[in-house]
Amino acid sequence: MSHFEVALGPTVQFEPGLYAIDAPFEDAPLTAYVITGRRLTVIDAGVVDTPKAHIAPALAKLGRSLSDIELAVVTHAHHDHIGGLTELRSANPRLEIAAAQAEARWIENTSVFLEENYCGYRPLYNPDEAFLERARRLKGGDQSVDRHLLDGDVIDIGDGHTLRIYSVPSHSAGHIAVLHVEADVLFTGDSLIARGHPFSRRQDSFPLYADVARYSALLDLYEELNPKWTATAHHGLCNRDQLRFLIRESRNLIGEIDDFLLSLAREKKDGLSLEFVVGAMAKHWPRYARRVSSYTTAHAHMTELVRRGHLRVTESNPWEWRQVN
């Protein structure tokens with residue numbers, strides 16, 4: 001079993017003042033979260049039409065509207081987490097957007113977002129214009145970030161709702177997790193990936209993380225925190241048993257990838273290029289399409305194996321490795 005299904009219904013109040021909203025887009029699962037403190041708060045904003053399509057109807061049942069949202073906390077700046085910021089700020093020009101500084105450049109500049117997210121492995125991986133235009137559309141417009149969040153920051157949104165910030169970089173450079181202190185709820189964005197996020201009409205995307213050691217460290221952190229609820233973006237709302245499942249599956253996949261790549265290095269004595277590694281991984285794990293996440297995660301594992309002394313980078317090509325004798 002590689003994932004589990006979470007049946008939330010359109011909107012669920014899972015703790016006093018905390019709501020999980022089923023907000024899928026295209027063929028991707030997505031859950032949005034609202035906290036009805038004195039400052040009405042959303043954790044991530046979904047894609048460009050998530051606020052109108054999903055958050056607004058949920059708020060209407062509470063006698064509220066998008067214009068009442070005062071704070072948007074962004075776990076990380078991928079298009080399915082920031083696209084709705086434009087609509088939220090249009091509904092309330094005084095909306096405060098809070099994110100880590102490392103994520104702000106993508107929120108504020110779509111060109112930088114597209115270049116750094118999808119084009120870093122050229123010429124090996126070349127996203128076509130249709131793909132880039134889709135990402136641009138889902139992201140919405142550029143928005144300024146009002147507050148740069150740091151590890152350990154505490155945000156009091158009133159009425160007994162306190163948020164504590166944890167820095168958990170790996171899925172992206174400035175990814176954060178947000179702990180609701182009183183309710184013991186951990187909002188993890190996309191940092192807890194397990195074996196990826198399943199799509200309904202296309203191949204899944206390989207779990208995305210750029211640093212294996214940091215990813216392993218955040219898994220240790222989440223296991224230590226052991227919150228009552230773990231509020232993920234794409235695996236829904238998880239209880240403690242489901243959290244342990246996601247952590248176990250994440251660790252299992254890390255080990256499986258390392259073992260596969262070490263075996264590959266032993267077989268191919270003349271060296272491993274990143275393109276060859278990604279191609280071999282695509283054959284070994286056929287459920288995943290070859291996307292930028294495949295290159296990022298493969299590169300992360302090769303870099304980690306170099307750090308552990310198993311491989312070395314060739315002098316002529318930083319994307320080519322040889323086994324250490």
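Colleague: Which residue in S9 is the bridge partner of aspartate 156?
Modeller: The model is predicted: local features need pLDDT of at least 70, side-chain atom pairs need 80 or more, and totals for chains, interfaces and linings use all residues. Residues are numbered from 1 along each chain as its sequence is written, and side-chain values use heavy atoms, without hydrogens or water. S8 and strand S9 (residues 162–167) run antiparallel, joined by three bridges; strands are DSSP runs of E, at least two residues, and helices are runs of H or I, at least four, numbered from the N terminus. In S9, aspartate 156 is bridged to threonine 162.

Colleague: Which strands stand at the edges of the sheet?
Modeller: The open sheet has six strands with mixed pairing, in the order S8-S9-S10-S11-S13-S14; two strands pair if DSSP finds at least two bridges between them. Each edge strand has a single partner, so one of its sides is left without a neighbour in the sheet; these strands are S8 (154–156) and S14 (237–238).

Colleague: Which residue forms a salt bridge with glutamate 249?
Modeller: A salt bridge is a side-chain nitrogen of Lys or Arg within 4 Å of a carboxyl oxygen of Asp or Glu. Glutamate 249 lies in helix H8 (residues 240–267) and its partner in the loop between S11 and strand S12 (204–205), so parts 54 residues apart in sequence are tied together. At 2.7 Å between the closest N and O atoms, the partner is arginine 195.
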